[in-house]
Amino acid sequence: MALGYRKAGQITLAKQCITSCAEHGNARAMLLLGRAFTDGGWGYEKDNERQYYWLKKAAEAGEATGMALFARYIADFAVGDYTEWAVKALSSSNNTAIALCHLYHLGVTTTKDLDIVLELFEVGARGGDEVA
């Protein structure tokens, strides 16, 4: 529903809906909020504290891309050891091309390979992944 509001340009309703879904335990909504605070999407301003909060919640809820992005956050901001979440993302049963993409970007799965990163983002985008 939130994605529909967003695509229709009803940003206020989209924000209310995505926030409510995340607050009620929807892991995908948590991931999307984490991304919104990463890049200023959904009408939100960039906010590192809220980005951390929602990416961590998504990771803890078992969202593979959330785990991978949380690992990237930890690495990018040097706030700890990201490997725990990277390994969890790799071993997750709902692992996605986008999750793998972020792990390749970190160099966790193998050496850092930006060609594979781009390829995996394209796979995710073609598959309709909102994060891609």
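I started with the sulfur of Cys21. Its closest cysteine sulfur sits in Cys17, 4.3 Å away, which is too far for a bond. A disulfide would need the two sulfur atoms within 2.5 Å. I keep in mind that this is a predicted model.

I then looked for disulfides anywhere in the structure and got 0. Cys17 is in none, and for Cys17 the nearest cysteine sulfur is that of Cys21.

Next I asked myself: is Cys17 buried or exposed? Cys17 has 15% relative accessibility, so I put it down as buried. Cys21 comes out at 30% relative accessible area, so I noted it as partly exposed.

Then I turned to the helices. I looked up α3, which covers residues 27-39, and α4, which covers residues 48-60. Their axes come within 8 Å and cross at roughly 155°. Because of that angle, I call α3 roughly antiparallel to α4. I also noted the handedness: the crossing of α3 and α4 is left-handed.

Which residues of α3 meet α4? On the α3 side I listed Ala27, Met30, Leu31, Leu33, Gly34, Arg35, Phe37 and Thr38. Across from them, α4 brings in Arg50, Gln51, Trp54, Leu55, Lys57 and Ala58. I sorted the residues of this α3 and α4 contact by type and got 8 nonpolar, 3 polar and 3 charged.

Definitions and conventions. Residues are numbered from 1 along each chain as its sequence is written. This is a predicted model: local features need pLDDT of at least 70, side-chain atom pairs count only at pLDDT 80 or more; totals for chains, interfaces and linings use all residues. Side-chain values use heavy atoms; hydrogens and water are left out. Axes are lines fitted to C-alpha atoms, for helices over the stretch in contact, and angles run from 0 to 180 degrees between N-to-C directions. Helices (H or I, at least four residues) and strands (E, at least two) are DSSP runs, numbered from the N terminus. Angles under 35 degrees count as roughly parallel, over 145 as roughly antiparallel, 65 to 115 as roughly perpendicular and the rest as oblique. A crossing is left-handed if the near helix is turned anticlockwise from the far one by less than a right angle, and right-handed if clockwise. Contact means heavy atoms within 4.5 Å. Ala, Val, Leu, Ile, Met, Phe, Trp, Tyr, Cys and Pro count as nonpolar, Asp, Glu, Lys and Arg as charged, and the others, Gly among them, as polar. Buried means under 20% relative accessible area, exposed over 50%, partly exposed in between (1.4 Å probe, protein chains only).
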